[in-house]
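The sequence and structure are shown first.

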Amino acid sequence: KKGNITLVKETYSVAVTVSYPYVPVAPTQPTKPTEPDQPDTPVIPGALPFVDVNTGDWFYEDVAYVYAQGIMTGSTATSFAPNDAMTRAMVWTVLGRMSGENVEGGSPWYALAQAWAVSDGVSDGTEPNSAITREQLVTMLYRQAGSPEVGVSELALLGRFTDGEAVSAWAEEAMAWAVSQGILTGDGDLLNPQATATRAQVAAILARFCANSGK
């Protein structure tokens with residue numbers, strides 16, 4: 001205080017905003033997209049080398065499948081012979097291939113397949129040159145599948161077919177299993193258990209078997 005004058009000291013706060021140049025954040029490296037799985041080669045109509053298997057045939061897709069999987073080959077380079085019968089030895093060879101066994105190159109030609117079929121309990125190895133019947137084929141597949149348990153309800157399915165009682169006693173469980181699994185569909189209301197299995201029929205049954213087992 002000086003005379004009549006009073007001096008007052010005051011303090012002020014001043015907010016100062018300082019701007020700096022914006023430094024952008026460096027972008028992150030984008031993640032490399034995952035390579036898509038290579039799709040299975042589709043079955044192209046007409047791609048089969050067999051002149052006797054056409055896209056309109058009921059067995060076309062089945063033949064295409066077993067051929068692509070290396071399960072069945074042609075009777076010649078250009079013929080599948082879908083209506084020809086298959087021998088027991090041929091079926092041993094086919095089933096051996098399905099199991100990943102080396103069944104080629106024996107003497108006679110089916111020797112390795114025959115030995116495998118007997119050792120694996122698939123067949124007794126007899127009558128290699130005899131035409132295989134439908135119930136024989138199904139029984140071999142049933143054994144290859146491990147002889148699953150078959151109940152009364154499955155056995156009753158045979159009664160849906162007019163010739164269900166014609167199934168041999170030793171093949172009843174196998175045939176009932178095949179019907180219940182959709183492996184054997186029959187010919188209308190017939191099972192034709194003792195009829196010879198054609199190559200086209202074998203291809204169809206094997207394709208259904210593989211689909212059923214997830215192969």
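A residue is called buried when its relative accessible area is under 20%. By that criterion, 36% of the 215 residues in the chain are buried. The model is predicted.

**Overall architecture**

The chain contains seven helices and zero strands, and its elements follow the order α-α-α-α-α-α-α from the N terminus. Of the contacts with a separation of 6 or more, 65% link residues 24 or more positions apart.

**Backbone features in loops**

The peptide bond between S107 and P108 is cis, with omega about 0°. P108 lies in the loop between α2 (88-98) and α3 (111-119).

Positive phi values occur at A81 and at S147, neither of which is a glycine. The table sets out both residues.

| Residue | Phi | Loop | Relative accessible area |
|---|---|---|---|
| A81 | about 55° | between α1 (60-68) and α2 | 10% |
| S147 | about 50° | between α4 (134-144) and α5 (152-156) | 37% |

A81 is buried because its relative accessible area of 10% is under 20%. S147, at 37%, is partly exposed.

T198 is located in the loop between α6 (172-180) and α7 (199-213). Its relative accessibility is 18%, so T198 counts as buried. Leaving aside residues up to four places away in sequence, T198 touches P82, N83, D84 and A85.

Conventions: Residues numbered from 1 in each chain as written. Predicted model: local features only at pLDDT ≥ 70, side-chain atom pairs only at ≥ 80, totals over all residues. Heavy atoms only, no water. Helix = DSSP H or I, 4+ residues; strand = E, 2+ residues; numbered from the N terminus. Buried < 20%, exposed > 50% of the residue type's maximum accessible area, 1.4 Å probe, protein only. Contact = heavy atoms within 4.5 Å.
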